[in-house]
Amino acid sequence: MEEKFAKLIIEGKEYKLPIIKGTEGEKAIDISTLRTESSYIAFDPSFGNTGACFSKITYIDGEKGILRYRGFDIEDLVENLRFVEVAYLLLYARLPNPKQLQHFSDMLTEHSLMHEDMRHFFDRFPRGAYPMSILATMVNALSTFYPNVDAQSMKENVGRSAARLISIVRTLAAFAYKRSVGEPVVYPRNDLEYCANFMNMMFDSPVKPYEPDPEIIKILNMLLILHADHEQNCSTTAVRTIGSANVNLYSTISAGINALSGPLHGGANQAVMQMLKRIEKGGDIKKYLERAKDKKDSFRLMGFGHRVYKTYDPRAAVLKKSCHKLLKRLKIEDPLLDIAMELEEATLREDYFIERNLYPNVDFYSGIIYRAIGIPEDMFTVMFALGRLPGWISHWKEMVDQPHKIVRPRQIYTGKRKRKL
Ligand code: CMC
């Protein structure tokens, strides 16, 4: 018979802790009443072994390399759906029928324009400002322009708020890029679907109209789908944590964007590119491998390793395959792809990487694809944010739809004991 409780003995006293099981067989011990009953807390810095919520959105098996949104394998989703359909799936827990999809697309179209006054903000950021910082600032600023942004109103209008965010962030991202290259902004067009609209805002210019390439639009859909959710990662945890204080959705998402910008998280896609370029210049893969292995050196092989995946990241597998196909199709020979592959192969011969299960993650090959479709390097993490939006909003929605408490971990105090002044 399966155990319903775990027994914990502390100082001779036995505590019965309920065992929880997920639909895919994941097991946990519920310690939520442990402190009240025993005065002990669980200690798990960086939450590597802590389940913080029940969630029905995304399933990962880090040992087998499985990633599913709402039960569907990521490989099937990228093959058969567009990003907007996957966003709907994440948000509403079902695949949209044609009428629902039309309604959702109409809402995205309706909200693609930002308040015109917001556009002037772009003129005040210094040239060369990091686009992720601009994006986070602008998303936070949305809460000053749009009424009824308190958590309760947003909960009631979540469809509208989600559509506005998913649509406007795309416009903000493209405007930030245009500003960074000193070109006039291009407004969204109602006749273009989500990804084509984004590429048009990025690359259309008064002197050279943008001609959407269906293959590139398909690749962009794939990239955004692959990034759309990844359960309780750092930025999603930030969203759930900030959101638990009933902060409005825009400010909550802004916090997620800031968390994602870190080089250990989404910012790794840009860092990978910089690393590959340095290797290209110096021509020495071995040196970087040695540095990555050296515990006295803070350097890490960017785009490698993952808290959850102890095998090949399934997103990286899709990206690697697509990378080859796309470059061939666009007739691009990118030396950085050769270096990336050489680097990956070299790690497979090194005990250090084998023993620690360090394989390429989602950020390793994505940059080479972004580069091939013309996305500049400092926009890579913005692209990640664009893809991750439906995930962040779905987690926020899931949290506010359930009874929840403010997130508030405890600590073990190790400072000075009481002393006199
Ligand atoms: N290069 C060299 N060594 C590494 C790397 C790496 N990229 N990643 C992990 N290690 C080593 C680490 O030094 C440690 O060794 P030891 O056991 O001897 O102390 C061991 O592997 C375990 O690493 P960890 O730091 O305990 O693992 P973590 O789960 O805390 O960190 C990670 C996960 C993704 C932050 C880390 O692997 C890393 O820094 N990778 C490089 C940055 C990166 O690519 N980030 C993108 C992650 S995927 C997309 C996303 O989430 O945004």
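**Entry 1: a term first.** Before reading any pairs, I noted that two strands count as paired if DSSP finds at least two bridges between them. I also wrote down that this is a predicted model.

**Entry 2: S4 and S5.** I looked up strand S4 (residues 58-61) and found that four bridges join it to S5, with the two running antiparallel. One pair I could name: Tyr-59 has Arg-68 in S5 as its bridge partner. Then I followed the chain through the hairpin of S4 and S5, where four residues lie between the strands and Gly-65 has a positive phi near 70°.

**Entry 3: the other partner of S5.** S5 also pairs with strand S6 (residues 72-73), in the antiparallel sense and over two bridges. Here Arg-68 turned up again, opposite Asp-73 in S6. The hairpin of S5 and S6 has two residues between its strands, and Arg-70 in the turn takes a positive phi of about 50°.

**Entry 4: the side chains of S5.** Which way do the residues of strand S5 (residues 66-69) point? I found Ile-66 and Arg-68 pointing one way and Leu-67 and Tyr-69 the other way, and all of them are buried.

Entry 5: Strand S2 (residues 13-21) is joined to S3 by three bridges, and I found Ile-19 opposite Ile-29 in S3.

**Entry 6: the ligand.** Last, I listed the 22 residues around the ligand; the ones that come nearest are His-265, Leu-301, Gly-303, Phe-304 and Arg-307. By kind, the shell divides into eleven nonpolar, six polar and five charged residues. I noted a ligand nitrogen atom 2.9 Å from a polar backbone atom of Leu-264, and a ligand nitrogen atom 2.7 Å from a polar backbone atom of Leu-301. An oxygen atom of the ligand lies 2.7 Å from an N or O atom in the side chain of Arg-307. Taken alone, the ligand exposes 940 Å², and the protein buries 76% of that.

Technical notes
Residues numbered from 1 in each chain as written. Predicted model: local features only at pLDDT ≥ 70, side-chain atom pairs only at ≥ 80, totals over all residues. Heavy atoms only, no water. Near = heavy atom within 4 Å. Polar contact = N/O pair within 3.5 Å; in protein donor to acceptor, adjacent residues only side chain to side chain. Areas by Shrake-Rupley, 256 points an atom, 1.4 Å probe, with all protein chains shown as cover. Nonpolar A, V, L, I, M, F, W, Y, C, P; charged D, E, K, R; others polar. Buried < 20%, exposed > 50% of the residue type's maximum accessible area, 1.4 Å probe, protein only.
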